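Work through these exercises with the sequence and the 3D view side by side. Try each task before you read its solution.

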Amino acid sequence: MAIDFGALGPEIALAVTALVVLAADLSLRGPAKQLVNPVAAAGTVVAIALTLRLWGDERSTFGGTFVIDSLALTFKLLFLGTLLAVLGISWRFFAEGRYFQGEYYFLIVTAFLGMVLMPSARDLLTLFVALETVSIPAFVMVGLRKRDLYSSEASLKFFLIGVLSVAIMLLGMSLVYGFTGTTSLTGIAEAIAATQTPGSETPLLLAAVLLIVVGFGFKVSAVPFHFWAPDTYAGAPMPVTAMLAVASKAAGFVGLTLVAFAAFAPLAGAWAPVLGVVALATMTVGNLGALQQRDVVRLLAYSSVAQAGYILLPFGVARGGTDALSLAVNQTAFRAVLLYLVAYAVMNIGAFAVVIGVARRSGLRATADYAGLGARSPLLGGAMTVFLLSLGGAPLTVGLWAKFAIVEALTVDVTAFGLVLAAGLVVNSVIAFFYYLRLIRGIWMEAPAEGAPVPQPGFNLSLVVVGLAALTVVLGVLPALVTDTTSVVTLALGR
Amino acid sequence: MGETIAFLVFAGIALGAAVAVVAMRNLVHAALMLVIHLLAVAGLYLGLESQFLAVIQVLVYAGAIVVLFLFVIMLLGVDRDDLLVAQGRRAVAGAVAVGLVLAGALTFAFVGPYTGEASVCGSDVAPTGTEQSCAGIAPVLDADDDAGVAFLGRRLFTRYTLAFELSAVLLTVATIGAVVLARRRDLSPEDEDLPTGEVTA
Amino acid sequence: MSRPLWVAGLTAGLTFLYFLLTTAILIWGERRVVARMQSRLGPNRVGPLGALQTLVDGLKMFFKEDVTPAMVKQPIFTVAPLVGVVAGLLSTAVIPIGGEVTLGGETFTLQVADLGVGVLWFLAMGSIHVYSVFLAGWASSSPYPLLGGVRSSAQMISYEIAQGLAVASVFIYAGSLRVSDIVAAQSGEGLLPGLPGWFAIPLLPAFAVFVVGMVAEAGRPPFDLAEAEGELVGGFHTEYSGLRFGMFMLAEFMAVVIQSAMVVTLFLGGPSGPTFGLPAPIAAVMPTVWFTLKTLLFIFLFILLRGALPRTRYDRLMALGWKLLIPVGLVWALATAALVLVREDGGLSTTARLGLAAGAVVVAVLGLATGRGGRDAATIGRAVSTAVRPTAPAATDEPDPAEVAR
């Protein structure tokens, strides 16, 4: 069996980068250690170039367990772009914070290696190992602030809950394997379609599917598996929080998309309503929680729980049939998820970048500290405003189009449940606007506290913040830039 | 017949030991029960004609992992009984209830579809009603009998090469992560002189 | 492979007796040889040259009072020595102690079970043996035994990895895990005509790793840190006496015999050897004779090591295992895989040869340029030299453990 190494290009580039970073960390001393950051960034750029080279290809290798198609490549680009942004906001933070820099960059590159692999995985086993490659570095990275007990607590909580969710998911996967006799996603779908009649599925199989879904529920911090998220986000080093809130969550959604639409599509009648209800609960709990937060990181943590709820909504209307309408519903749902993930990555990393910029040298992260930020630092204040408006879904930002896509997906075929979900989205957006606007009002309308320091974000961070803010607005004005890409991404998983 | 008896014996031991792992109040005893459980599971693998898996189970789980568990337990000196206090009656009752529900659900899910003639691997009986036929083991049964080693090796180095290689990355990450978290000093002395101001332009 | 019950019983009985007897010979031989090395006489009263001394000691051990200290944790205290002996005996099941014999119309190999996973079974039983030492140390509820137990478990697990990697080279080279296949693969001629096809020659590094590993696995001097009389008052078996102490002794000495038998099976062709055209009944016994001779060679090596080398320091022992043996075993497993692959493809092409040569040059230049190679070599040299440097009170004039017990 020949291996298609070309198709593996981005993964190989990232793996090599990780090892080079590790070796560089060994040989560099003192302040020179921070040079591993540009090394990692260079490797990421190479990986992006290799991904772009594959654009438009349809390849598969390793007996079909690894696939290159438009879906995989789009997500790879999303993850690699996120990695670049995270590296940008990490540089100063880790160089000035007395961390183990080399190890951090090694861990973050390997975590992204797992993420880049996930959208290409078409086999439960590969998917599982890739997911673990995302999780295990994250456990360590959360605990990197070793002198801080909160960081240790965050790491421990994250670890225990992550391991528990993995155990549950693995139980589900093994039951599915025992039931269908294959680990291939398409093979599972075929076996299920061949043996099950809609409406009277084997309970064991449904239980197994739900177990897997629960496992991913932990990963994307969906209610009722969200309780680790705020503590973990607040305790972790902030760039790691950004990574967890965006990339790790997106990886969870990729995995959920693959198993839901590729493997368990025939059973959608069973899991879609569950996910719909979970989505409603998730966004409501997230938004209500965010209302009460006085720490910006915790506020963004709850906000990201709510955002996960929005992204879960389209799963709620997925259909199990193979007629044209069902396929169209699933296709639109998937595209909405994809578009929202892209938008979410841009605006949420941006928000975290601003938080890091404000906290640099001063450590300020309470909502009260943001009073008068617009006056002290127009750049950070303005960017934060853009990001928050976009997270809320205001016009002229990419957030609006993302929410619009979700509503569209919910109403392709008008059903009562779809309308309930759409109504939930609208109500929650209003709640969310309340706390986003409260923060924005503080930034512009309140006077800064006596002796509040002027934030010094530094060059890299400013670059990332400006870039992401510009992207938020540009995509908000010209959504076609991204929807042109996402609309060609098809859910052609059944190969 | 002999196979059934072996299964019942090993399954009984495995179940009993598993309950004992949770119930024992002394951590070392619980870990030893875990060893017995793992050995019994290895016996179950033998019953499934997977010698390789059985031996690996003994070698890796019983022989290395639990020994390391015990190692940590003893070095940390947490093998005293008083450290394990049950979390009150309500928690115990809740745990027992959840366990019973789970056991009942699994029994319900398995006993119906997987106890008939049709669920025996390699049988010619067609499944009727809710019965399920054997799936998944067919390629293993077809493979030449080499204690499952050749079959496993071929699978691991063709279809699952990527997952296999990736798990190597995973182990490296876990090792480095453990070292980072366990290192007592946060930074080496020369890093302590790191200027807190602008480092580079 | 179904054989009549009496054949299975006979092979099992013979194997059991064989290893027990060899163990008895080892104990006697060790006392005689070490005595000679220390200008003493050694046991010379019971039987010719004192050969029955072991038997008498065993009897004495059997009838001695078995003291159970009050603070020990039962039932683990009682079970621990049993685990060691049972695991040791079980691991002999896959070792062929002879060739094919025909008896009562049945032709069979003198091997209890030719498992498809053969050698892994041996390793698995070795890892079960760890529990014996470890639990004995813990159940004694006493500091020295606990230290000994913890030490030895870490030591055994570490060296098990090294041994496992060495064995992996054998698997790759032979293409099978089955012991009979491994023995058969060594039966022909070797790389050079006239040399036997023993794996010790093409897999020399793996062989070396295995031999060092087996000394540590058996917990024998200079790697007997689990008992270290000088520091730990005997280590894990301090609190044991009588029959249970005897079982520990039996397990330890039997481990020496089993490890020797295993290295012979894996690397020195097992029971294979010339029969010199002898008539059938004698030719059928010749493999057993060859096997015994080869095994005795390694047993003698164990005895010499014990007589000649002082105990190593614990950190150096671990450094040797992790920083030298495991890397060597790993690299050699990879090299063996490459070797087998090349052999299957029918030799290397010129381009591949050039590529390899260029690669070797690059590695050498890099090694020289960074100076890292030199440093590594120095580290290895230190590790080797410290492995033999005296760090503990000279172990050579310690009395026999068996004599201490008396």
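Helices (H or I, at least four residues) and strands (E, at least two) are DSSP runs, numbered from the N terminus. This is a predicted model, in which local features need pLDDT of at least 70, side-chain atom pairs count only at pLDDT 80 or more, and totals for chains, interfaces and linings use all residues. Residues are numbered from 1 along each chain as its sequence is written, while chains are lettered from A and ligands numbered from 1 in the order in which they are written.

**Exercise 1. One residue**

Task: Find the helix that holds Leu275(A), and decide whether Leu275(A) is buried or exposed.

Solution: 
- Step 1. Locate Leu275(A): helix H11 of chain A, residues 268-291, contains this leucine.
- Step 2. Recall the rule. A residue is buried if 20 or more other C-beta atoms lie within 10 Å of its own, exposed if 12 or fewer, and partly exposed in between; C-beta atoms are placed from the backbone.
- Step 3. Apply the rule. Leu275(A) has 24 C-beta neighbours inside 10 Å, so Leu275(A) is buried.
- Step 4. List partners. Two residues are in contact if their C-beta atoms, placed from the backbone, lie within 7 Å. Leaving aside neighbours within four places in sequence, Leu275(A) touches Val213(A), Leu312(A), Phe315(A) and Gly316(A).
- Step 5. Look further off. Gly458(A) lies 183 residues from Leu275(A) along the chain, and their C-alpha atoms are 42 Å apart.

**Exercise 2. Chain A as a whole**

Task: Why does the radius of gyration of chain A agree with a compact globule?

Solution: 
- Step 1. Count the elements. Chain A has 19 helices and 2 strands.
- Step 2. Take the rule. The radius of gyration is taken over C-alpha atoms, and the globule rule is 2.2 Å times the number of residues to the power 0.38.
- Step 3. Compare. For 495 residues the rule gives a value near 23 Å; chain A has 22 Å, so the two agree.
- Step 4. Along the principal axes, the C-alpha atoms of chain A fill roughly 70 × 55 × 40 Å.
- Step 5. Check burial. Of the 495 residues in chain A, 61% are buried.

**Exercise 3. The cores**

Task: Which residues touch the most other members of the largest nonpolar core?

Solution: 
- Step 1. Define the core. A nonpolar core is a set of buried Ala, Val, Leu, Ile, Met, Phe, Trp, Tyr and Cys residues joined through C-beta atoms within 7 Å.
- Step 2. Name the residues. The largest core has 205 residues, and Phe112(A), Tyr340(A), Leu341(A) and Phe352(A) touch the most other members.
- Step 3. Find the main contributor. Helix H13 of chain A (residues 324-359) gives the most, with 23 residues.
- Step 4. Look for another core. A second, separate one has 126 residues, including Val28(B), Val67(B), Leu250(C) and Met262(C).
- Step 5. Return to Phe112(A). Beyond four places in sequence, Phe112(A) contacts Leu14(A), Phe79(A), Leu83(A) and Ala247(A).

**Exercise 4. Two helix pairs**

Task: Describe how H3(A) packs with H10(A), and how H1(C) packs with H2(C).

Solution: 
- Step 1. Know what to report. Two packed helices are described by the angle between their axes and the distance between the axes. Axes are lines fitted to C-alpha atoms, for helices over the stretch in contact, and angles run from 0 to 180 degrees between N-to-C directions.
- Step 2. Learn the classes. Angles under 35 degrees count as roughly parallel, over 145 as roughly antiparallel, 65 to 115 as roughly perpendicular and the rest as oblique.
- Step 3. Take the pair in chain A. H3(A) and H10(A) (residues 238-263) have axes 9 Å apart, at an angle of about 170°. H3(A) and H10(A) are therefore roughly antiparallel.
- Step 4. Sort that contact. Ala, Val, Leu, Ile, Met, Phe, Trp, Tyr, Cys and Pro count as nonpolar, Asp, Glu, Lys and Arg as charged, and the others, Gly among them, as polar. The contact of H3(A) with H10(A) has 14 nonpolar, 2 polar and no charged residues.
- Step 5. Take the pair in chain C. The axes of H1(C) (residues 5-37) and H2(C) (residues 53-63) come within 8 Å and cross at roughly 105°. H1(C) and H2(C) are therefore roughly perpendicular.
- Step 6. Name the residues. Ala24(C), Ile27(C) and Trp28(C) of H1(C) meet Gln53(C), Thr54(C) and Leu55(C) of H2(C).

**Exercise 5. Between chains**

Task: How many residues of chain A contact chain B, and how many of chain B contact chain C?

Solution: 
- Step 1. Chains A and B: 42 residues of chain A contact 30 of chain B. H5(A) gives the most to the chain A side, with 10 residues.
- Step 2. Chains B and C: 17 residues of chain B contact 18 of chain C. Helix H3 of chain B (residues 51-76) gives the most to the chain B side, with 13 residues.
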